[in-house]
Amino acid sequence: MLHGSAAFEAAVAGSHTGAVKAEAWLAGRRIATLPMLSCSVSGDESNFVRRTASMSFADEVTDAGEAAGVTLARAGCEVRVWWGAVVDGRTEWLPIFWGLSEQPTTTWPEGRVTVSAKDLAERVTRYRFPKPRSSSAG
């Protein structure tokens with residue numbers, strides 16, 4: 001389990017202001033901040049890809065200069081979701097989900113993009129390693 005600073009832990013233990021942000025990443029760099037509407041992350045410890053997320057975003061033009069749906073439809077696009085708490089006037093962030101954007105769906109006239117994503121262990125299964133393996137010495 002990830003932990004924040006001592007001030008973060010103290011803030012979370014009491015009354016605090018929380019924040020959530022989502023980012024689109026491609027080829028190891030952040031390409032856009034996404035206008036998140038909702039997010040749900042679930043886990044299944046019996047499955048190799050243990051965490052999945054269902055997210056929805058406003059299909060607005062992002063800082064990448066294109067609509068969120070276009071950004072999320074790019075092959076290999078990752079979605080990173082962060083949760084934060086305000087500590088001493090600034091937000092301290094912890095990652096809660098990193099996964100691959102899969103088949104974004106846009107609904108109109110709502111202008112909402114819905115995305116299902118599996119955590120990055122999905123890449124391991126795509127590269128034909130269906131379960132963890134280790135090699136023997138010698």
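Okay, let's start with a term: a nonpolar core is a set of buried Ala, Val, Leu, Ile, Met, Phe, Trp, Tyr and Cys residues joined through side-chain atoms within 4.5 Å. Buried, in turn, means under 20% relative accessible area, while exposed means over 50% and partly exposed is in between, using a 1.4 Å probe and protein chains only.

Two bits of housekeeping. What you're looking at is a predicted model, where local features need pLDDT of at least 70 and side-chain atom pairs count only at pLDDT 80 or more, though totals for chains, interfaces and linings use all residues. Residues are numbered from 1 along each chain as its sequence is written, and side-chain values use heavy atoms, with hydrogens and water left out.

Now the overall layout. The chain has three helices and seven strands, in the order α-β-β-β-β-α-β-β-β-α along the sequence. Those are DSSP runs numbered from the N terminus: helices are H or I with at least four residues, and strands are E with at least two. Of the 138 residues in the chain, 33% are buried. The accessible surface comes to about 8600 Å², and carbon and sulfur atoms hold 52% of that; areas like this come from the Shrake-Rupley method with a 1.4 Å probe, and for residues, only the protein chains shown count as cover.

What about contacts, meaning heavy atoms within 4.5 Å? Take those between residues at least 6 apart in sequence: 53% of them join residues at least 24 apart.

On to the core itself. The largest nonpolar core has 17 residues, and the ones with the most contacts inside it are Leu34, Met55, Phe57, Leu72 and Val79. Two or more residues come from each of β1 (18–26), β2 (29–34), β4 (51–58), α2 (68–72), β5 (78–87) and β7 (112–119). Apart from that core lies another one, of five residues, including Phe8, Ala11, Ala85 and Leu94.

Let's zoom in on Met55. Which residues does Met55 touch, not counting those up to four places away in sequence? Among them are Met36, Cys39, Val79, Phe97, Val113 and Val115.

Two of those names bring us to β7.

β4 and β7 run antiparallel and are joined by seven bridges, with Thr52 opposite Lys118. β6 (residues 90–107) also pairs with β7 in the antiparallel sense, over seven bridges, and there Thr107 has Arg112 as its bridge partner.

The turn in that hairpin is worth a look. Four residues lie between β6 and β7, and Gly111 has a positive phi near 70°. Pro109 is in this loop too, and a cis peptide bond, with omega about 10°, joins Trp108 to Pro109. Why point these out? Because most residues other than glycine have a negative phi, and most peptide bonds are trans.

Two residues have a positive phi without being glycine. Ala27, in the loop between β1 and β2, has a phi of about 55°, and Ala27 is exposed, at 79% relative accessible area. Gln103, in strand β6, has a phi of about 45° and is exposed as well, at 71%.

Next, rings and charges. A charge counts as sitting over a ring if NZ of Lys or CZ of Arg is within 6 Å of the ring centre and within 35 degrees of the ring normal. Arg80 lies over the face of Trp25, at 3.7 Å from the ring centre. The charged end of Lys21 is over the ring of Trp82, 5.8 Å from its centre.

Last stop, two loop residues. Arg50 sits between β3 (36–43) and β4 and is partly exposed, at 49% relative accessible area. Leaving out residues up to four places away in sequence, Arg50 touches Ser42, Gly43, Asp44, Glu45 and Asp119.

Pro35 is in the loop between β2 and β3. Beyond its neighbours within four places in sequence, Pro35 contacts residues including Ser56, Phe57 and Ala68. Pro35 and Val113 are 78 residues apart in sequence, yet 10.0 Å apart in space, C-alpha to C-alpha.

How values were computed. Contact = heavy atoms within 4.5 Å. Pairing = 2+ DSSP bridges.
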